Amino acid sequence: MMTFFVSMAADVLVAVLLVATIASSVKLSGRINRLKADEAALRSTIGDLMVASATAERAIAGLRATLDECDRTLTERLAGAERTSTDLAAHVQAGESVISRIAAIVGQARTTATAAPAAAPAVPRPVAVEAVPAIGNGERVGAALAAAQALSERALDRLRARAA
């Protein structure tokens, strides 16, 4: 009878160990499934990171191209500004030259007027002075040159009228 209890105890022990093995196997299976799900999520995240890094690289290349284009454009505009500045300086110098010639003509006319006999006084023609709007310096210089030429022609007309 003792062997019956020993064999029964051994069978019960084997059954308990079998149930414990099955329970731990089910737990391990669940953990493995979660790890596989985490692995899939991790792979998805890695794929997203790779796509994001490729997009960032393309964006950086685009920014570099834009920077190069801006640099070229800025260089061209600076060169144009230097040319315009040189032209403007030449126009200003030409305007100063015209004004000094006008001053010389006016000075000559005054000395001639004081030395010449008092003939019929010349009637001065009114000069239309237009307000120069705030425009570019090149156009202002052109307007000043035109006014200076008109004044010099008027002074010459006066000298010719007095000489005649």
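Visitor: Hi! Let's start with Phe 4: what does Phe 4 count as in terms of accessibility?
Guide: Welcome! In this predicted model, Phe 4 counts as partly exposed, because its relative accessibility is 48%. That value falls in the range between under 20%, which means buried, and over 50%, which means exposed.

Visitor: And where does Phe 4 lie?
Guide: Phe 4 is part of helix 1, which covers residues 2-115.

Visitor: Which residues make a nonpolar surface patch?
Guide: Phe 4 is one of them, together with Phe 5, Met 8, Val 12 and Val 16. The patch they make has an area of about 500 Å².

Visitor: Let's zoom out. How many helices and strands are there in the chain?
Guide: The chain has 2 helices and 0 strands. Helix 2 spans residues 137-163.

Visitor: What share of the residues is buried?
Guide: Of the 164 residues in the chain, 7% are buried. As for the surface, the chain exposes about 13600 Å², and 66% of that comes from carbon and sulfur atoms.

Visitor: Which residues is Ser 152 in contact with, leaving aside its neighbours within four places in sequence?
Guide: Those contacts are Ile 102 and Ile 105.

Visitor: New topic: how many salt bridges does the count come to?
Guide: The count comes to 1 salt bridge. Arg 43 forms a salt bridge with Glu 39, and their closest N and O atoms are 2.9 Å apart.

Visitor: How many residues apart are Arg 43 and Glu 39 in helix 1?
Guide: They are 4 residues apart in helix 1, so about one helical turn separates Arg 43 and Glu 39.

Visitor: And what do those two count as in accessibility?
Guide: Arg 43 counts as exposed, because its relative accessibility is 58%. Glu 39 has 38%, so Glu 39 counts as partly exposed.

Terms used: Residues numbered from 1 in each chain as written. Predicted model: local features only at pLDDT ≥ 70, side-chain atom pairs only at ≥ 80, totals over all residues. Heavy atoms only, no water. Patch = residues over 30% accessible without salt bridge, like charges linked within 9 Å, V, L, I, M, F, W, Y side chains within 5 Å. Areas by Shrake-Rupley, 256 points an atom, 1.4 Å probe, with all protein chains shown as cover. Salt bridge = Lys/Arg side-chain N within 4 Å of Asp/Glu carboxyl O. Buried < 20%, exposed > 50% of the residue type's maximum accessible area, 1.4 Å probe, protein only. Contact = heavy atoms within 4.5 Å.
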